[in-house]
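Hi there,

Here is the structure I promised to pass on to you.

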Amino acid sequence: MNVPIVRLTSLAHGGGCGCKLAPSVLRQLLADQPSVQPYRELLVGTETGDDAAVWQLDDKTCIIATTDFFMPMVDDPFDFGRIAATNAISDIYAMGGKPILALAIVGMPVDKVSPEMVRKILRGGSQICTTAGIPVAGGHSIDSPEPIYGLAVIGVGRPQDIRRNTEAKSGDVLILTKALGVGIYSAAFKKAALLPAAYAEMIESTTLLNRIGMDLATYPAVHAITDVTGFGLLGHALEMARGSNLAFALSFDDVPFLTDAEDLARQQFVTGASARNWASYAESVTLPSGFPEWRRHLLTDPQTSGGLLIACDPGHAVQLLRMITEAGYPRASIIGHADRGSPSISIGP
């Protein structure tokens, strides 16, 4: 079968974690889910919007399960596979767990995407899984109108190391491990406005495994962890604030951004998901007077394979930040703190 070579991004109406449903829509869909699970062993389910499900097997072992997939945000099939796999595995690390195996999820328009391109996507995902030390042990594929790839991932963890997004404490310091701007870069890429150096920066960030979460979870001073993906920094910080019943104060000047993110945001290279995100949670966010729209887009920008947001004891924050940066996350930064108050986010300079 002769299949024409096409840009992967031209076959998808969205890309990366920008494909996610808006937070407001997701809340409506999950509104009828029980707030209390009837299974004693289910430590984390749908009740908190956390990163993965957690089932306690015994006093020493929990099983952590997640799935994540999306449409391409880049045209290189190998890069697409790597990004999607890194993003999917991140949910295990965000819970404080260790991934042990993955299953591939593949949907392809077989009349538009060649078998060789699909093989490259699968090789990219397999390479990341090898880096994470896990096998791709199986999977499922379908013929679909748009290209889709991702993983279902299983991990393990100790009960005392599970880190929810609901257990931040008043006074905690907030640390972000990766720079923001992936959605803005992908918007510029689609319009052929992303420079090669910026593309390389985006790939480096989105294929960097969040394995530091597995190490951080062994520290009692680390109270809560989540990964920052499709809802943007504000959306995922607000989930943590609501789950923990706290008010978060973030410093815009301390938030790390990819090198060209601010310039591209000024030029309106933003995704539709950024606006949908803001519409979903604007009532819970306070911005400074005169805060420009392009800055707001940086904070609502959907991240694909973004970093971890960590809430930790203030007395250990500097030590933990040093450990994170030395582990290979040079853009990690302290970006704010948690206070008593109604669940909300306030942005300062």
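Below is what turned up on its salt bridges.

Before you dig in: this is a predicted model, where local features need pLDDT of at least 70, side-chain atom pairs count only at pLDDT 80 or more, and totals for chains, interfaces and linings use all residues. Residues are numbered from 1 along each chain as its sequence is written, and side-chain values use heavy atoms, with hydrogens and water left out.

The structure has eight salt bridges (a salt bridge is a side-chain nitrogen of Lys or Arg within 4 Å of a carboxyl oxygen of Asp or Glu). Start with the network that links Glu116, Arg119 and Arg123. Glutamate 116 pairs with arginine 119 at 2.8 Å, N to O, and glutamate 116 also pairs with arginine 123, at 3.3 Å, N to O. You'll find glutamate 116 and arginine 119 in helix 3 (residues 115-132), three residues apart, about one turn of the helix. (Helices here are DSSP runs of H or I, at least four residues, numbered from the N terminus.)

How accessible are they? Glutamate 116 has 31% relative accessibility, so it counts as partly exposed. Arginine 119 is partly exposed at 43%, and arginine 123 is partly exposed at 42%. (Buried means under 20% relative accessible area, exposed over 50%, and partly exposed in between, with a 1.4 Å probe and protein chains only.)

Now look at aspartate 161 and arginine 158, which form a salt bridge at 2.8 Å, N to O. Aspartate 161 is buried at 8%, whereas arginine 158 is partly exposed at 41%.

Cheers!

How values were computed: Helix = DSSP H or I, 4+ residues; strand = E, 2+ residues; numbered from the N terminus.
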